[in-house]
Amino acid sequence: MNEGMLEDYLDRDVRVHFAPAMISAGAASFEEGRLYDYNEDGILLEMPDSTLAYIPFSSIRMVTIKPKQGFWARLTRPS
């Protein structure tokens, strides 16, 4: 992975799609949260309940980065 590739996307809402080999029957095929941090081995997501989830890159098929909200939406967003 390129150094600093995700730096511009910290604190953005993302959806992490798991690799097919990592999905079991009845389990979700993706995880949603806020990109909290990353390193060369994986990423940390801040979940809606404020917990952190570590996901290694070997488990990830794709990361979808949601566009930034407009000014008004960010201003009125519940904390």
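**Hairpins and pockets**

Ser50 adopts a positive phi near 70 degrees within the hairpin of strand 3 and strand 4, where five residues lie between the strands. In this predicted model, strand 3 pairs with strand 4 (residues 52-56) in the antiparallel sense, with five bridges between them. Leu44 has Tyr54 of strand 4 as its bridge partner.

Strand 3 also takes part in a hairpin with strand 2, this one with three residues between the strands. Here strand 2 (residues 30-38) and strand 3 (residues 42-46) are antiparallel and share four bridges. Opposite Tyr38 stands Ile43 of strand 3.

The largest pocket holds about 230 Å³ of space, and its lining includes Ser50, together with Glu46, Met47 and Pro48. Strand 1 (13-18) and strand 2 are the elements that give two or more residues to this lining. Strand 2 provides the largest share, three residues. Also among the lining residues are Asp13, Val14, Glu32, Gly33, Arg34, Lys66 and Arg77. Sorted by class, the lining of the largest pocket comprises six charged, three nonpolar and two polar residues.

The second largest pocket has a volume of about 170 Å³.

Definitions and conventions
Residues are numbered from 1 along each chain as its sequence is written. This is a predicted model: local features need pLDDT of at least 70, side-chain atom pairs count only at pLDDT 80 or more; totals for chains, interfaces and linings use all residues. Side-chain values use heavy atoms; hydrogens and water are left out. Two strands pair if DSSP finds at least two bridges between them. On a 1 Å grid over the protein atoms alone, a cavity is a set of points where a 1.4 Å probe fits but cannot get out, and a pocket is an open set with protein on both sides within 12 Å along at least five of seven lines; lining residues have an atom within 4 Å of a point. Grid points are joined across faces, edges and corners, and a volume is the space filled by probe spheres set on the points. Ala, Val, Leu, Ile, Met, Phe, Trp, Tyr, Cys and Pro count as nonpolar, Asp, Glu, Lys and Arg as charged, and the others, Gly among them, as polar.
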